[in-house]
Amino acid sequence: MSDPFFQSLFAERIGGAMFGKGTAIYKFEKIKRAKRKALADHPERKLLDFGIGENDVMAPESVRRVMADQINKPENRGYADNGPPMFKEAVARFMQREFGVALDPVTEVNHCIGSKTALSILPACYINPGDVTLMTVPGYPVAGTHASYYGGVVYKLPLLAENNFFPDLDGIPADIVAKAKLLVLCYPNSPTGKTATTEFYEKVIAFAKKNEVVVIQDAAHSLLSFDREPNSFLAVPGARDVGIEVHSMSKGFDMIGWRIGWVCGNPLLVRAFAETKDNFDSGQFIAIQKAAAAALDDAEIPKQTRAKYRRRMEKLVATLSRCGFRCEMPGGTYFLYTPAPKSFANGAPGGGPVNFENAEGASQYLITEQSICTVPWDDAGSFLRFSVTYEAADETAEDALMAETESRIKNLQPVF
Ligand SMILES: Cc1ncc(COP(=O)(O)O)c(C=O)c1O
């Protein structure tokens with residue numbers, strides 16, 4: 001069959017005339033296919049799904065009640081644009097309560113339809129062809145993808161275990177630094193689980209000032225901090241002179257599907273975001289913003305979410321450690337990022353070793369041979385990501401899931 005006339009019209013950024021013809025299978029699609037196959041090949045074996053990166057429960061009932069009420073109010077029906085002030089004020093109260101950060105709700109806060117959209121919009125504010133965006137890897141790639149769409153260059157900063165999963169800012173070549181406009185960070189870090197220290201943020205601020213780089217700190221996981229009180233980049237003196245922080249209601253408030261978050265920090269940078277955003281969308285439904293404001297005012301919600309994922313993480317770390325994995329409690333997030341085994345000494349069907357070239361190989365073995373789903377990362381060392389967002393109705397169900405995990409991998413004998 002011949003190509004449609006528009007086959008040659010696709011932009012290079014999505015593959016140009018080759019769009020839709022590629023055969024490469026991307027990581028998450030590979031995982032999905034392997035999951036389907038594991039379920040088909042072993043219907044008797046429960047799939048232990050540590051691959052999901054989404055909260056496992058609905059938003060709290062109190063929040064859903066506000067939504068149910070607000071949805072019927074005619075005054076909520078229109079375009080929200082960059083308003084209403086009520087949500088911005090709730091954000092300002094929240095930032096003060098949780099992080100001790102004082103924000104002017106009028107000039108220093110703007111909502112977004114989830115932090116993903118904010119990260120996709122922000123490069124439009126800064127990136128001309130050839131401009132460099134500094135981004136940590138492994139990580140959430142959205143800002144980099146959009147920077148590339150504008151002809152920008154993404155320079156990757158590997159997060160290595162030997163550097164405590166912080167980027168080596170001093171090691172960036174001078175010609176790259178000279179062209180850099182953006183430094184995109186993410187703490188608590190997804191997927192490494194590292195949380196940021198004040199000293200690290202101070203270093204970032206000094207780097208940004210010296211090299212005239214705008215900092216975008218992705219705080220999507222900010223409320224899931226275990227080794228320190230949840231912290232904000234903006235609480236560090238000087239941060240507001242160099243950057244903004246992007247927040248999300250998805251993780252800490254179990255509001256993944258509601259699509260609500262915000263950008264806050266330096267007023268001119270927030271204004272650039274708001275004015276650019278105005279050309280992308282017309283704002284989130286006001287009923288959602290009102291329900292989100294009610295959630296922000298309830299300090300118990302993030303505490304409970306944090307306690308639940310901390311409890312699950314402690315159980316997972318103990319279980320995997322007993323199985324010979326080299327893991328320790330992450331600083332934050334609901335992800336455990338742990339070195340991938342090079343082999344399982346007792347992993348072959350009749351006994352004997354199975355070897356892996358990389359984390360992807362180990363992950364494929366776990367899903368196909370043990371029906372255990374994980375996400376592999378081979379960007380900076382080989383690691384497996386276990387998420388504790390699996391479905392389990394209560395603590396008894398969590399314990400049963402851990403016991404099943406242990407029984408499947410206890411005898412495999414991981415080798416590192
Ligand atoms: C590091 C990170 N940033 C941003 C997001 C986007 O979150 P949302 O768009 O739901 O606010 C995610 C979601 O998985 C994430 O892991």
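Modeller: With one term: a contact means heavy atoms within 4.5 Å. Also keep in mind that this is a predicted model.

Biologist: Okay. Which residues does Met86 touch, leaving out those up to four places away in sequence?

Modeller: Met86 touches Gln289, Lys290 and Ala293.

Biologist: How far apart are the C-alpha atoms of Met86 and Lys290?

Modeller: They are separated by 7.5 Å. Along the chain, Met86 and Lys290 are 204 residues apart.

Biologist: And which helix is Met86 in?

Modeller: Met86 sits in helix H3, which covers residues 85-99.

Biologist: Why does Met86 count as partly exposed?

Modeller: Because its relative accessible area is 25%. Partly exposed runs between the buried limit, under 20%, and the exposed limit, over 50%.

Biologist: New topic, the ligand. How many residues surround the ligand?

Modeller: 13 residues do. The closest are Asp218, Ser248, Ser250, Lys251 and Arg259.

Biologist: What lies 2.7 Å from an oxygen atom of the ligand?

Modeller: A polar side-chain atom of Ser248 does. Ser115 also has a polar side-chain atom 2.7 Å from a ligand oxygen. For Lys251, an N or O atom of the side chain is 2.7 Å from an oxygen atom of the ligand.

Biologist: How much of the ligand's accessible area does the protein cover?

Modeller: The protein covers 90% of it. On its own, the ligand has 400 Å² of accessible area.

Biologist: Which pocket does the ligand take up?

Modeller: The ligand takes the space of the largest pocket.

Biologist: Let's move on to Arg408. Where is Arg408?

Modeller: Arg408 lies in helix H13, residues 395-409.

Biologist: Is Arg408 buried or exposed?

Modeller: Buried, because its relative accessibility is 10%. The cut-off for buried is under 20%.

Biologist: What does the Arg408 side chain have by the backbone oxygen of Gln370?

Modeller: A polar atom of that side chain, 2.8 Å from the backbone oxygen of Gln370. Arg408 touches Gln370, and also Arg45, Lys46, Leu48, Ser371 and Ile372, not counting residues up to four places away in sequence.

Biologist: What about Ala400? Which helix is Ala400 in?

Modeller: Ala400 is in helix H13 too. Ala400 counts as partly exposed, because its relative accessibility is 48%.

Biologist: Last one. How far is the C-alpha atom of Ala400 from that of Arg93?

Modeller: The two C-alpha atoms are 40 Å apart. Along the chain, Ala400 and Arg93 are separated by 307 residues.

Conventions
Residues numbered from 1 in each chain as written. Predicted model: local features only at pLDDT ≥ 70, side-chain atom pairs only at ≥ 80, totals over all residues. Heavy atoms only, no water. Helix = DSSP H or I, 4+ residues; strand = E, 2+ residues; numbered from the N terminus. Buried < 20%, exposed > 50% of the residue type's maximum accessible area, 1.4 Å probe, protein only. Near = heavy atom within 4 Å. Polar contact = N/O pair within 3.5 Å; in protein donor to acceptor, adjacent residues only side chain to side chain. Areas by Shrake-Rupley, 256 points an atom, 1.4 Å probe, with all protein chains shown as cover. 1 Å grid on protein atoms, 1.4 Å probe; cavity = no way out; pocket = protein on both sides within 12 Å on 5 of 7 lines; lining within 4 Å. Sits in = over half its atoms within 2 Å of the grid points.
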